[in-house]
Amino acid sequence: MKHFSFLILISSFCFAQNFQQHVNPFIGTGGHGHTFPGATTPFGMVQLSPDTRIDDSWDGCSGYHYSDNVIYGFSHTHLNGTGVSDFGDIMLMPTMGEPSFDNKIYSSKFSHKNEKASAGFYSVKLDKHNIDVRLTTSTRVGFHEYTFNESGQANIILDLNHRDKLLEGRVRIIDNKTVEVLRRSEAWAQNQYVYARIEFNVPVKTLSSKTSKGHKNDIETNAIIFSRDVKKDEKILIKVSLSPTSYEGAKLNMSEIKGWDFEKVKKETEALWNKELSKIEVTSDDKDKLAIFYTALYHTMMQPNIAQDLDGKYRGRDNEIHTAEGFDYYTVFSLWDTFRAAHPLYTLIDKKRTADFINTFLKQYEQGGRLPVWELASNETDCMIGYHSVSVMADAMVKGIKGFDYEKAFEAAKHSAMLDHLGLDAYKKNGFISIDDDHESVSKTVEYAYDDWCIAQMAMILNKKEDYNYFMKRSQNWKNLFDGETGFIRPKKNGGWEKPFDPREVNNNYTEGNAWQYTFFVPQDIPGMIEAYGGNDKFEAKLDEMFNSESKTTGRQQVDVTGLIGQYAHGNEPSHHMAYLYNYIGKPEKTQEKVSYILNSFYKNTPDGLIGNEDCGQMSAWYVLSSMGIYSVTPGTPKWDATKPYFERIKFNIQKDKFDEINQFTTSDKLKKLGGFYEEGIRSSNFFVYQNITTVPVIQAESKSFRDKLKITFDSFDKATEYFYSINNGKFQMLSKELVLNETSKILFYSDNGFGKTSDTISAQFFKKPNNYTIQYNSRYDPQYNAGGDEGLIDGIYGTTNWKKGEWQGYQSQDFEAVVDLKEMKSIQNFSSNYLQDSRSWILMPTKVEYYTSNDNVNFAFVGNVTNEVDPKQTDTIIKNFEFKSAKVLKARYIKIKATNYGKLPEWHQGFPSNGDAYIFVDEIEVK
């Protein structure tokens, strides 16, 4: 493997260079970058930015999109590059003339030619009101300057019913220059508290919304207007401090900005950015390269966000107020994204905050019973998969970062791994997750396996042999989903491979990706992955095939899968380490070629300069590290994978009065010093050894249901010599010949490698069909939602509320219609069919279901219908049986079922802007 490393130079420490001048906050505000251009400080509580979107549409996640030309106001919290919208708290909007609470009236057009943004500063002209707006911030306080270019009545609207759902809005009038605000809201964060203190530099009058109630100085309201007569060119200055805990906290936090000197605060914020950005100094004559690099570094420092008051008080995961002692408490942890590159970057340039982040994790574990997965405002969103807090903790531990309790970290990590939710119960029992167990089964299996390896590294540091061996065994579970014949990690169903299989298909077996984008996620066992392919040459050929394939996916449209090079998708995180895998087979020139192409092609100094979501700094962290010629393929190891640096000269200011420089002539043994790695001897004990697992067998059968008999055989990844099985809880016996089932059966089975080492025991169920009915479809189901195939609606197997497991047939933009052939004339009185609703996923109940009978499959007689009574606005996942009972017994051979699709999504639906059509999900038709 090729390494570039670091020469340590001594230099006096200063911030004389103006690094923040290179930052262009508009990068990523167009396209699908989902960034915002407003003012913030490094890791600050306040993100004061314009809102050009008031819906939760895909490209409106940050509240701003560069394609827009209308501003609704300036709110104080925003998310940087996420895929779900939230925040937009405490929104202020200046206007002139007659005031209005209607955002269609108080909003204003603007032009990008009158808009500026830099690190810690934003300005714009509101064309409708002829007002110049300038914004800056301290860590916890937003600072507004409004210049009214005409005389008349000036208004500042405080709209609390902005973007996410308002649960509680309260305004307390302190005096004619000061108000206090509580905004409690619900969106991605289910119960978010934001307290604010608003101070004006001049007296103002107040006008409450018509919906307001309560005492005149303590109002429950969703909006309020502050007014004042102004002269031409008069300025109004406003300071807004935030607190997650209380009015008192907001008042205390206001002390960050003393007085009304806007320029002074702006310069102080720029100095904060210079201090942080100076940690990495790159040299280039290309101004665009400098802008891209320093904006990327800036984006990595916009979150996580400080979430405690100046006195250390914070709102914990238990919704109680606590005081942080010895660390700072943070929020916004997009860990599925950021464990890959952003957090490893922090271990280089921000060891103190790395420890603070982990201490935050541990407090959330203590207060909420779990480590964070995707935490927001002390709420767990449970977005994405894995328990990647353990990756962050393990990476810090192996790099010797201090400041947190290693034993407590291990306790919390082990706790996460031993839970029984999100497929973990099946994963622990069977060594993998099946489609039958949970959705996104492949991605969960491989990501849990990596996280388990991280826990093993923690156990090794803490000298816990038993735990080390246990989690190292679990870290090999990726092998249970690796298909040596196709060369892909792929989904299993009922103990066998899911068929048909298309590695390009984006479906519910993977998290925002397909088999190509997940097959190479084995960072904890790259040598084992190479061996599974048959050696370096075959592994290289597979990587080449991925990068050289057609840049087109099949299956579900996934907006995250962008930046395709073949089937490599740089716009989404699972692909981010793949270019570096060539290093492991002695082909660093291919790593360099791919990394160089990505750096040059997918990062631009333009609003659409990010190829995908910024994702809380991960997309930019990849650029920062890769442009310096390093990357952490496996967080949790004291090692950096390397390629040629993108810049002529790179300096690190990691410690006071010390710089570390990357160039191409330094020695590889110095590389370890950059990350503060501890000595190899700590890890080299023979005490920690583990054996390769014996993989579970793959059951091979034509289908899950059968009419007369079903033949079954077994296979396995490592071609085990013996297979053992049990039918319906009988004795285990070795398979000596082909197994034939004649009745509904549950099979337990495992493999033996011939040396007495066995696999986990797994199960499969096969159902003898209750009848010989067949079905003919007059509509076409989505191949991703097939319920097991053409006979999936009459096989006696019922779909559950977790529709992502593939047990339902889905029909979009059409009615559902099918005819069941009973094969002979039968007496019938009951007709039924089951439907599912998950309105957030565009799946709605049919408006009605009709039943018909026929003797010849040509002429059908109407029997009756059942109308829907489930509210389409109901967001819980619901299964409803649309049953019709005839008043008299009918004779028929053919039964027709017709379910009427809901049609276009209604205006209230979150998918409405796309003008999408609803799905019908149906499973199991019954006739009695």
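Visitor: How far is the sulfur of C61 from the closest cysteine sulfur?

Guide: A disulfide is a pair of cysteine sulfur atoms within 2.5 Å, and a search of the whole structure finds zero disulfides. For C61, the closest cysteine sulfur is that of C383, which is too far for a bond, at a distance of 10 Å.

Visitor: What pLDDT is needed in this predicted model before side-chain atom pairs count?

Guide: Residues are numbered from 1 along each chain as its sequence is written, and side-chain values use heavy atoms, leaving out hydrogens and water. This is a predicted model, in which totals for chains, interfaces and linings use all residues, local features need pLDDT of at least 70, and side-chain atom pairs count only at pLDDT 80 or more.

Visitor: Is C616 buried or exposed?

Guide: A residue is called buried under 20% relative accessible area, exposed over 50%, and partly exposed in between (1.4 Å probe, protein chains only). C61 has a relative accessibility of 1% and so counts as buried. C616 has a value of 2%, so C616 counts as buried.

Visitor: How many residues of strand β6 are buried?

Guide: Strands (E, at least two residues) and helices (H or I, at least four) are DSSP runs, numbered from the N terminus. In a regular strand the side chains alternate between the two faces of the sheet. On one side of β6, M91, M93 and T95 are buried, and on the other L92, P94 and M96 are buried too. Of the six residues in β6 (91-96), the number buried is six.

Visitor: Which residue in β12 is the bridge partner of M91?

Guide: Two strands pair if DSSP finds at least two bridges between them. β6 and β12 (residues 152-159) run antiparallel and are joined by six bridges. Within β12, the bridge partner of M91 is D159.

Visitor: Which strands stand at the edges of the open sheet of three strands?

Guide: The order in this sheet is β26-β27-β28, with antiparallel pairing. An edge strand here has a single partner strand, so one side is left without a neighbour in the sheet; this applies to β26 (333-334) and β28 (379-380).

Visitor: Which residue in β27 is the bridge partner of S334?

Guide: Two bridges pair β26 with β27 (residues 374-376) in the antiparallel sense. In β27, S334 has as its bridge partner W374.

Visitor: How far apart in space are W453 and R474?

Guide: W453 is found in helix α11 and is buried, with a relative accessible area of 7%. Contact means heavy atoms within 4.5 Å; beyond four places away in sequence, W453 touches several residues, including F471, M472 and S475. W453 and R474 are 21 residues apart in sequence, and their C-alpha to C-alpha distance in space is 7.6 Å.

Visitor: Which side chain is joined to that of D838 by a polar contact?

Guide: D838 lies in the loop between β51 (816-837) and β52 (848-854), and it is buried, with a relative accessible area of 8%. A polar contact is a pair of N or O atoms within 3.5 Å; within protein, one must be able to donate a hydrogen and the other to accept it, and residues adjacent in sequence count only if both atoms are side-chain atoms. At 3.0 Å, the side chain joined to that of D838 is W803.

Visitor: How far apart in sequence are the parts that D218 and R170 tie together?

Guide: A salt bridge is a side-chain nitrogen of Lys or Arg within 4 Å of a carboxyl oxygen of Asp or Glu, and the structure holds 58 of them. One of these joins the side chains of D218 and R170 (3.3 Å, N to O). D218 lies in strand β18 (residues 218-220) and R170 in strand β13 (residues 165-175), so the parts they tie together are apart in sequence by 48 residues.

Visitor: Which residues are linked with R170 and D218 in a network of salt bridges?

Guide: D218 is partly exposed, with a relative accessible area of 30%, and R170 is also partly exposed, at 22%. In the network, R170 and D218 are linked with E168, R184 and E220.
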